[in-house]
Amino acid sequence: MRRLLVGIALFIAGVTLLLEHQPKVENLPVWDAELLWQQHLERIQGQLIKTDKPHEFAKYHWMIRTREGSDGPKYSANYKLDQLQVAQRNRGKFAKARRQQLEFIERGPGNLPGRTRALIVLPSDPSGDTWVAGAVGGGLWRTDNAGVSWSNLTPDLPSLAVSTIAMSESDPNIIYVGTGESFAGLTGIRGDGIFKSTDGGFSWTQLPTTINNDDFQNVNRIIVNPSDPDVVLVCTSNDPNFSSFNSGIFKSTNGGTSWVKVFDGNRRVQQLLPSPDNFNIIYATLNNGGVIKSFNQGNSWVDSSIGMVPDGRVEIAIAPENPNLIYASVEGSVSGTGSDLYISQDAGANWAIVVEENNGENLDFLGGQGNYDNTVVIHPYDENIVYVGGVNLFKFTIKPGEGSGEPTVLGVDVGQTAQFMDFITFDSGVFFQSKLAIGEADPEDFVSIEWRFGPSRSQMAHRFTVPVNAGTNGDGGAGVSDMDYSYQDYVEVPFEVWDIDNNRQLMVSFRDQQRDGRFNLNPEDDNNDPNFLTAREYFFAHAIPYNPNSPDPTITVNGGHEVEQMYFMWPVLAQGATWDPNNLPDSKLTINYGSVVNRFRETTIISDAF
């Protein structure tokens, strides 16, 4: 509660500072100054450009740090500290050197100052005026007077890209700091692993296990067991090729001396949040993947996203006095704006979309850049009031009652299939497509399905091939028309597909891109196969009961893969995995289908940037 009140105080202070820095007009009545300020705003209005593409900004800085002919910056993960140590060793020698002609080599910009993403209040100060703040490109700073003045805590360290700070509740002298920023969709500023302080933030040590470790290139969040400062969990993401992410959750039980990867997903993990009354229960959010939940301090995870349909970043908040109540601010399109608010009243088991009451206008409260600006907090005294910040700041008051929306996909759980299978995402931001989504199917034909893998699991499937010269580029890759899909035969595939609403097996089809008579998974390889000519073994699920003895005659025609098609997915082999169809792990991918439950809200605009 104290942290929320401090956050509100910081917001009020920021507004006050903004007002203090408006253009001043001397010797004029107050109303004349206000009039001139309004006229000034009107004059520059046409010059204001909405900042709705932070990922393009980050991409620009990625590109200017990349040498021509390379696929990304080649600085080592720990290059700033390495060079600092070199400079310190050579300090005496350079101090005695005479002026000479030096050769300069372009090294940047490697860091960008600004953007404070992390803030903690130190409990050693009863007044609450002592804080530690972390800037994305400016390191760590401390104030002892509630922000009036600041001192740099890391003057001898590189310009750290601080993204998260976590302090131990049982020993406030122990503080962990995570570096690296990847919220914009790629690495804005690359990190240097995790730093730790054991004296309240006055001195810092870089944890050796995170140095030059790509797994800790971008540390998005850190949480510490409130009763044990050595039990730490972090969620990280890493984009070594600028096109794919290695992402996961790591746990340490010895204060960061060693780490175990407890979750390995094919979606960026961007938030970790423990239940306020029980550290055994922890939630994590996956970009474009919803929410996962652990019941054993992060050692294992299960999906917790039924009813949620994200198209990007997910941020959640738990009511401090009611751990079963959770809100989620989501990049999504269910409300039609790109910004969706969800509520769960059963600890994340099910989610309902919260829309404007009385058919009112649903605002794009994330301002078009929820991948970067997205935060949510619940009122400390009223769990029916929630504040959400994107580009602007909004207050939502939840109203009683509920309704039912149109049937849709309520969530996708990739489960343990992530060990060997990843997916190419589509323009909509999801990794599956359905004719329901584009208005070409009857909602009554759709069901929830499970795509099951494992020992002894197999069924027959309709195999299609496409001409080698078909498609947009004439290479048999992208943009092949439906009628160019030629039915070949009915072959065995190493999986089963089930309608779990009606407990029946379903017909499936696949595109045999390699034309070898089998279903294969090949990796996404932008460098050696930029057009994915070997990795297009598409999967199609039909709303037709399975017959193991013969194919369906309506499917065995050119373009038959479209017949009563429910779901279309583009799977590829996961990074580092091998495709062994005879030894796949016991796993399943679940697509949950049904009607979204609607809750209702009243919106108050607190601040508007434009």
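**Reading strands, cores and buried residues**

Author: Strand S22 (residues 385-389) is mostly covered, with four of its five residues buried. Buried means under 20% relative accessible area, exposed over 50% and partly exposed in between (1.4 Å probe, protein chains only). Strands (E, at least two residues) and helices (H or I, at least four) are DSSP runs numbered from the N terminus. The model is predicted: local features need pLDDT of at least 70, side-chain atom pairs count only at pLDDT 80 or more, and totals for chains, interfaces and linings use all residues. Residues are numbered from 1 along each chain as its sequence is written, and side-chain values use heavy atoms, with hydrogens and water left out.

Reader: How many bridges join S21 to S22?

Author: Two strands pair if DSSP finds at least two bridges between them. Strand S21 (residues 375-378) and S22 run antiparallel and are joined by four. Ile-378 stands opposite Val-386 in S22, and the hairpin formed by S21 and S22 has six residues between the strands.

Reader: Which residue in S23 stands opposite Ile-385?

Author: Thr-397. S22 and S23 are antiparallel, with five bridges, and the hairpin joining them passes through three residues.

Reader: Which residues have the most contacts inside the largest nonpolar core?

Author: A nonpolar core is a set of buried Ala, Val, Leu, Ile, Met, Phe, Trp, Tyr and Cys residues joined through side-chain atoms within 4.5 Å. The largest here has 36 residues, and Ile-449, Trp-451 and Phe-495 have the most contacts inside it. Strands that each supply at least two of its residues include S23 (393-413), S26 (449-453) and S34 (587-607). A second, separate core of 19 residues includes Ile-424, Tyr-487, Phe-568 and Trp-570.

Reader: What is the nearest side chain of opposite charge to Lys-251?

Author: A salt bridge needs a side-chain nitrogen of Lys or Arg within 4 Å of a carboxyl oxygen of Asp or Glu. Lys and Arg count as positive, Asp and Glu as negative; His and the chain ends are not counted. For Lys-251 the nearest is Asp-228, 9.3 Å away, and Lys-251 is buried yet has no salt bridge. Lys-251 lies in strand S11 (residues 246-252), and its side chain reaches the backbone oxygen of Gln-297 at 3.0 Å.

Reader: Why does Gly-477 count as buried?

Author: Because its relative accessibility is 0%. Gly-477 lies in the loop between strand S27 (459-465) and S28. Leaving aside neighbours within four places in sequence, Gly-477 is in contact (heavy atoms within 4.5 Å) with Ala-470, Arg-511, Leu-533 and Arg-536.

Note on methods
Polar contact = N/O pair within 3.5 Å; in protein donor to acceptor, adjacent residues only side chain to side chain.
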